[in-house]
Amino acid sequence: MAEPHDDDDRAPDTESISRLWERVVPMFSLLQGRMDRMLTHRHGVGVGPLMALGVLVREHPESVTVGGVARRLGLSVSAASRMLAHLERAGWTVRVAWPCDRRTSRVAATDSGVRLWSRASETLDRELDHAFGTLRFDEKYAHVVARLCRAHEDPPAR
């Protein structure tokens with residue numbers, strides 16, 4: 001049987017980190033929804049498929065397995081497969097037969113996909129920068145934005 005939770009054993013930062021997490025999740029949902037609508041309107045692709053395309057573009061002209069895309073994005077293979085199928089139907093990716101193993105297919109960005117990534121990722125960067133600039137003055141999210149913006153300065157936890 002597990003020991004009862006004792007608040008006295010918590011590290012001093014535990015409460016602030018858990019409270020930060022409580023704010024990150026709704027802020028992430030808010031931003032993802034905004035960015036998804038904006039990218040779909042301007043470029044015809046949502047955030048998730050754009051991130052999958054980004055994995056492929058970074059490997060371009062090489063190809064990547066669906067499982068590789070899933071691992072890099074923290075998704076299930078089936079979710080990554082659906083995103084990649086959408087990108088393939090739009091002509092932004094292509095499936096490539098893997099000569100070493102015919103059971104495995106790999107996916108590569110097309111030239112059209114590389115151009116889309118270039119345009120849409122610039123838009124996403126610009127819009128996220130603007131959104132974080134705005135949210136840092138919103139009392140509900142200011143603390144979260146401040147912590148995220150300085151995250152690259154904090155040493156990694158051990």
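Predicted model: local features only at pLDDT ≥ 70, side-chain atom pairs only at ≥ 80, totals over all residues.
User: OK. How much of the chain is buried?

Analyst: Of the 158 residues in the chain, 32% are buried. Buried means under 20% relative accessible area, exposed means over 50%, and partly exposed is in between, using a 1.4 Å probe and protein chains only.

User: And what share of the contacts join residues at least 24 apart?

Analyst: That's 57%, taken among contacts between residues at least 6 apart in sequence. A contact here means heavy atoms within 4.5 Å.

User: Let's look at Arg-106. Where does it sit?

Analyst: Arg-106 is in strand E3, which covers residues 105-109. Its side chain is buried yet has no salt bridge, a salt bridge being a side-chain nitrogen of Lys or Arg within 4 Å of a carboxyl oxygen of Asp or Glu.

User: Which side chain of opposite charge is nearest to it?

Analyst: Glu-62, at 6.1 Å. For charge, Lys and Arg count as positive and Asp and Glu as negative; His and the chain ends are not counted.

User: What else is around Arg-106?

Analyst: Leaving out residues up to four places away in sequence, Arg-106 touches Ser-63, Val-64, Thr-65, Val-94, Arg-95, Val-96 and Trp-98. With Ser-63, a polar atom of the Arg-106 side chain lies 2.7 Å from the backbone oxygen.

User: Which salt bridges do turn up, and how many are there?

Analyst: The count is 3. Side chains of opposite charge can pair when their charged atoms come close. One joins Glu-127 and Arg-42, at 3.2 Å from N to O. That pair links distant parts of the chain, with Glu-127 in helix H5 and Arg-42 in helix H1, 85 residues apart. Arg-42 counts as partly exposed because its relative accessibility is 45%.

User: And the others?

Analyst: Arg-72 pairs with Glu-59, their closest N and O atoms being 3.4 Å apart. This one also links distant parts of the chain: Arg-72 is in helix H3 (residues 66-73) and Glu-59 in helix H2, 13 residues apart. Arg-72 has a relative accessible area of 49%, so it is partly exposed; Glu-59 is partly exposed too, at 31%. Then there's Arg-95 with Glu-88, 3.2 Å from N to O.

User: Switching topic: which residues of H3 are buried?

Analyst: Val-66, Gly-67, Gly-68, Val-69 and Ala-70. The buried residues of H3 pack against H2, E1, helix H4 (77-89), strand E2 (93-97) and E3. Just after H3, Gly-74 takes a positive phi of about 70°.

User: Where's the cis peptide bond?

Analyst: Between His-60 and Pro-61, with omega about 5°. Pro-61 is in the loop between helix H2 (47-59) and strand E1 (64-65).

User: How about His-43: buried or exposed?

Analyst: Buried, because its relative accessibility is 16%. His-43 is in helix H1, and its side chain makes a 2.9 Å polar contact with the side chain of Thr-123. A polar contact is a pair of N or O atoms within 3.5 Å; within protein, one must be able to donate a hydrogen and the other to accept it, and residues adjacent in sequence count only if both atoms are side-chain atoms.

User: Last one: how much space lies in the largest pocket, and which element gives the most to its lining?

Analyst: About 350 Å³, and H1 gives the most to the lining, with 6 residues. Among the lining residues are Val-24, Met-27, Phe-28, Leu-124 and Leu-148. A pocket is found on a 1 Å grid over the protein atoms alone, as an open set of points for a 1.4 Å probe with protein on both sides within 12 Å along at least five of seven lines; lining residues have an atom within 4 Å of a point. Grid points are joined across faces, edges and corners, and the volume is the space filled by probe spheres set on the points.

Notes: Residues numbered from 1 in each chain as written. Heavy atoms only, no water. Helix = DSSP H or I, 4+ residues; strand = E, 2+ residues; numbered from the N terminus.
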